[in-house]
Amino acid sequence: MIDKNVFTDKVKIKIKSGDGGDGMNSFKSYKGKPACGPDGGDGGKGGDIYIVADRGMNDLLSFRFTSKYFAENGEKGGTNQCFGRGGKDVIIKVPVGTVVKDFETGAVIADMFADGEKKLIAEGGRGGKGNVRFTTSRRHAPNFAQKGEKTEPHVLLLELKVIADVGIIGFPNVGKSTLLSKISAARPKVANYHFTTLSPNLGVVRVYDKSFVAADIPGLIEGAAEGAGLGHDFLRHIERTRLLLHVVDISGSEGRDPAEDFKKINAELAGYSKKLAALPQVIALNKCDVYGAEENVKAFTRKYGKKYKIFPITAVSGEGLQPMLDELVEELSKLPPVAREEVDEEFTYRKSSNLDYEIYLDDGVYVVIGTLVDMLCRNVTLTDPGSMAYFQKILREKGVISRLKEMGIKEGDTVSIGDVEFDFVE
């Protein structure tokens, strides 16, 4: 049984856009006149697959229950030149901040960065042409139709990375959640034991006429960069932040040295990513109301005060929070906005990469149709010798010439490819 309370920020899903519908091979018929000409319609286009960012979603839990998303296939073309109905598109909603990757290659396909952002991920196959589309001045009654384009399934990796201006980090139980609840309207679960926070919590912090988004990142421990504790799973969320608010339990109530805690957390950041280690930090020394904290504040400030801005606070009572917030606003004003993940390329899964073809013998004419022909029609210029040389090369490489010979073609027989008709010459 799946625990619905578990935060899910990384899932694998399988997608497939719809196949194109086949074209129809049919002829008009009236009473007493059984074959009055071709009237087969084109097949419908297969459904596309889109991904949409939705700020109403907090994590990827729903994908643990539904992991396959297949769009509808296009319908076959009809008689009387009627088009087949197109397949319905599939829209997959994900939380804002979800990075979409190809599972096999790891290529970043999309970063769903803003609410309502929509990305075409997989394009449906085109419908096949009905036999009426193959009539020419010499071919009045083609007795064949084109099949629809087939699509292939793909596996995606969805990875949620929280988008926030300030990431609140520190060891477990140092008061990060309490601090977030004091400076924003967020109400994270707060308790006096380790790993109370099992998922990042976001809150909007307002300081006079300015505001920023802060994220309480689950507690890191020593070894987090290698997968210890919860830290490894959530270090990726800090990558989005512009500034780190490093909360340190200055009271030493957990039996740890505050300065060593600070050093260890920074070592974990560096172990995970040089980018994280380079992020600017503001330090909040929490639990200053505990006996003995005053001496620890002085010792910590002597050690790190020249490099970092340090603010003694008591999150429970709110003491010392305003100067810290003013500093965060000041620092953020100097930093660039939250960056979008760099996409490897403008990527969309297209139809099957296979260039298929079929050959029909129609009234003495060898007719070649299929996705290979569609590609050649788009790319070949008949009046250009170089383009025609490419045309002939592709026919040989794809086995079209060999297949024609197997079917018994002779020199001088007519071959029809798209809008081109020519006499076959060895």
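1. Let me start with F300: its relative accessible area is 2%, so this residue is buried (buried is under 20% relative accessible area, exposed over 50%, partly exposed in between, with a 1.4 Å probe and protein chains only). Bear in mind that this is a predicted model, where local features need pLDDT of at least 70, side-chain atom pairs count only at pLDDT 80 or more, and totals for chains, interfaces and linings use all residues. Numbering runs from 1 along each chain as its sequence is written, and side-chain values use heavy atoms, with hydrogens and water left out.

2. What does α5 pack against? Helix α3 (residues 258-272) packs with α5 (residues 293-304) at about 40°, the axes being 9 Å apart. Axes here are lines fitted to C-alpha atoms, for helices over the stretch in contact, with angles from 0 to 180 degrees between N-to-C directions. The two helices are therefore oblique (under 35 degrees is roughly parallel, over 145 roughly antiparallel, 65 to 115 roughly perpendicular, the rest oblique).

3. On the α3 side, P258, A259, E260, F262 and K263 touch F300, K303 and Y304 of α5 (contact being heavy atoms within 4.5 Å). That set splits into 5 nonpolar, no polar and 3 charged residues.

4. Of aromatic pairs, the structure has 7. In one of them, F262 and Y304 have ring centres 4.7 Å apart and planes at 65°, so the geometry is edge-to-face. This pair ties α3 to α5 across 42 residues of chain. F262 is buried at 1% relative accessibility, and F262, F300, Y304 and Y308 make up one aromatic cluster.

5. Elsewhere, look at two lysines. The charged end of K12 sits over the F103 ring, 4.6 Å from its centre, and that of K118 sits over the Y50 ring at 4.5 Å (the criterion is NZ of Lys or CZ of Arg within 6 Å of the ring centre and within 35 degrees of the ring normal).

How values were computed:
Helices (H or I, at least four residues) and strands (E, at least two) are DSSP runs, numbered from the N terminus. Ala, Val, Leu, Ile, Met, Phe, Trp, Tyr, Cys and Pro count as nonpolar, Asp, Glu, Lys and Arg as charged, and the others, Gly among them, as polar. Rings of Phe, Tyr and Trp (its six-membered ring) pair if their centres lie within 6.5 Å; planes under 30 degrees apart count as stacked, over 60 as edge-to-face and the rest as tilted.
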